[in-house]
Amino acid sequence: MKKERELPLLPLRGILVFPYMVIHLDVGRECSRAAIEEAMLCDRIILLAAQKETEIDSPTAEDVYEMGTVAEIKQLLKLPGGTMRVLVEGISRGRVLEFLEEKRFFKVRVEVLPEEKKTSTPEIDTLIRGMIHQFEEYAKLGKRVPVETLGTVLAVDEPGQLADIVASHLNLKVPDKQTILDAIAVEFRLERLTELIMREIEILELERRIGQRVRKQMDKAQKEYYLREQMKAIQKELGDKDERQVEAEEFREKVANAKFPKEVEQKAIKEIERLEKMPPSSAEGTVVRTYLDWILALPWTKTSKDKIDLKKAEDILNEDHYGLEKIKERILEFLAIRKLTPKMKSPILCLVGPPGVGKTSLAKSIARALNRKFVRMSLGGLRDEAEIRGHRRTYIGALPGRIIQGVRTAGTRNSVFLLDEIDKMTSDFRGDPASALLEVLDPEQNNTFTDHYMELPFDLSQTLFVLTANVMQSIPRPLLDRMEVITLSGYTEDEKVNIALRYLLPKQMEAHGLKKDVVSLDEEVLLKLVQGYTRESGVRALERQIANLCRKIAIRWVKKEWEPHMLTFEDVESALGAPRFHFQVAAKAPEIGAVTGLAFTEVGGVVLTVEVTPLPGKGKLTLTGQLGDVMKESAQAAWTFVRAHALSLGIEEDFYEKTDLHIHVPEGATPKDGPSAGVTMATAIASALARRSVRSDLAMTGEITLRGNVLPIGGVKEKVLAAHRAGIKVVILPEENRKDLEDVPEKVRKVLEFHFVSRIEEVLKLAFLPLAHSDEVQEDIPVNSVYAQGRIPDVEQRPAQSTLARTGNTPGKTQTLNFYRVNDQWLLVDLPGYGYAKVAKTVNAQWGPMMEAYLKKREPLRAVIQIVDIRHAPSIEDIEMQQWLRNIQMPTMVVATKADKIARGQWLKHLNVIAKALDIPDVSLILPFSAQTGIGKGELNEAIEEVLGVLV
């Protein structure tokens, strides 16, 4: 019969109470305490229902199972802190029909479901027997149910009561127990209970097997340990030791004390176990011993503490090196950031510069400033990949790579590792070492660098790698991308003198046993020593000369032929001989077809002279001097540009049909290449073909395009220093390299004159001397050229009654002052030195004073006739003179001479080129003329009379 009643509800977390079950409950939640108090005020009956989720602290009606247990509170005890301990006994099942109140506590309407007495049937008996058998097996395996309890439980006759009591003793989860509580039918309850017991038995069996296996392994280990200890004791008593066992124990002890990473420790123990099983005479045993020695020797976790003292580090860098401000600044930046973030990855620095500038010694100073170990590895000529990654242990005599060897030598993981001469690496069939270095130098990969021999990842991320190279061009691009390049240029003479005073001289005096009071040099003598006996970017040759000087003085000092005094340059000459180098310009005098260029090589900046000689031929271009492909292409581009602009450069338009060119760069035994010789070659070609001399105190660098644009180049500082060492006064650089001039020392910038150009025409204007000087160079005859002096006469006079001059024997070549009478009042005066006039040495003394006296006594100029050559475009001097005449508003006529040298059909084309260059609006204003044939003589006289008539 169904019975309903209203009861307070006590939600249970993580526990479920069955009927006939007596249990203590600790109640702490406020709503739970209120429910118990309500039950105590009534008849002590309360409904116990489990929560679906144990984590919920304030459950709602949906969070509590519908089926619970109606229980009686047998005892209540209030504990400190507001907690209650109650003893409850389950009476019967109860199903929640309705929640009546949820404010202070849950009050519900419950359907009480008392256990019905079930008559015994064969099916129920079978189920009970099976359940009892499984429960006994469970109690036997689990050992969680006492024997006394087992007997009490099995003594219950009522099937439903028996099922509930057995379920209460099982270690089940709340959802599983709830399924048994929900089962009202005894048959279903017994089936479900049997199923759960069987599952628990399987789990207990598995736990038992696992426990036995673990216990067996532990027993085996304990047995081995016991037997090993017994063997040790027996061997100790007998005085006999097993070498393999002793060696293995020693290795084990070292591995235990080394504090290796887990992976390394496991590998080492595995190798030790292999060693134990090998016969003492086994060859493989030697390989394993060597391998274990390497594992124990490597600093897997050992690091040195950085000395983060910026002031002291700066003092060390200044003490070891003079100059090199940018490099020192970069090192101090690294130290400052390292102090702020100790876990920062070390940079990969690459010092690029010519030999002897202090790259290797700078790396040593970095290690000293950081208080780190220093390791050096030379890569020059390296061609085997195994030198970097090591050999596999399958090879006889295998060893780790030189990277791991260097780390072992350093003894710490954070050493300063110098990889010297990285640009000298090569590759062959044995592999590419540069590719193997990618893992070493990549900050994202080198924390797990794996050597073929070690087969264990080693952390190189804290190692500060410093690389050195002479040039960047030969460093592979992927490798260069992982490095921070710092360029070291050559030293200036002032820097060399200071380096010699501070470092080289004291070092060599100590090496040769000379004291300060025996040898002393001042800066002036050292400067002459630098200029006269060295010509290099670094200071190695200077150090050798100082050592040579010290040897000479040491011999004389031992022979007592030397009196201590301040050395003079005469003493240096007597010891070292006559100076090998002279402080002068690259070329002694201006030349035609010879231009001084600047190049950047492995030994720093150098001065190169590009020579061009035109020869009769058919336009063939010959290149000599061991030029590389890039320089050959530059020569071809320069040749094409000159051909395309022949007229504007003062060259016959069809010159290439009858002229061969030979371009040569001296020192033919030295290979030369690089993208910076185009401007120099174009200037040399134009000079040779136009017969224009080039300034001897000028040097240039830059690449040229077919359209005449000047492209930027690299190595500006090195090239400028080379020009300074060679005595060059003027340097031409591409306009886009203007920013690079900041790298040049200020003392050098003050001495040299710089011009920045963007077009080849600007280069030619700066490099070419006036035509008169070109004639002087061509004939080796000095000429007093008005153009060359940079001024044009501002007086022009009427002649005296007598004839003051005569015409030269060679047509078209003025040798003296020529006067052409126009009418009774005016003369046309032709001054030597203009245009292409050539003057002999014997005539120079005659016409010079004559011209000066003439110009002093006459009236100012009233008109000017400018003479140009009709065969080619006006020269730069012609253009400058036309501009000057226009600026001073001087009436001017332009006469194009040599009209007999070209056909009349080409006059108009050539006159158009001249008019465009001189900025003349009308071609008819230019008069073609020939002194030899008389072409245009009448038109010229008429034009002169017209001009003079207007002026009068």
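How many bridges join β9 to strand β12, and in which sense do they run? Four bridges, and the two strands run parallel. A word on the source: this is a predicted model, where local features need pLDDT of at least 70, side-chain atom pairs count only at pLDDT 80 or more, and totals for chains, interfaces and linings use all residues. Residues are numbered from 1 along each chain as its sequence is written, and side-chain values use heavy atoms, with hydrogens and water left out.

Some terms. Strands are DSSP runs of E, at least two residues; helices are runs of H or I, at least four; both are numbered from the N terminus. Strands pair if DSSP finds at least two bridges between them. Buried means under 20% relative accessible area, exposed over 50%, partly exposed in between, with a 1.4 Å probe and protein chains only.

Back to β9, residues 416–420. In β12, residues 464–469, Leu464 stands opposite Val416. Strand β8, residues 374–378, also pairs with β9: parallel, five bridges. There, Met377 has Leu419 as its bridge partner.

Is β9 buried or exposed? Five of its five residues are buried, so the rest of the structure largely encloses it. In a regular strand, side chains alternate between the two faces of the sheet. Here both faces are covered. Val416, Leu418 and Asp420 are buried on one side, Phe417 and Leu419 on the other.

Next, helix α15, residues 433–441. Mostly covered: seven of its nine residues are buried. Among them are Pro433, Leu437 and Glu439.

Last, Val214, in helix α6, residues 186–238. Val214 counts as partly exposed because its relative accessibility is 39%.
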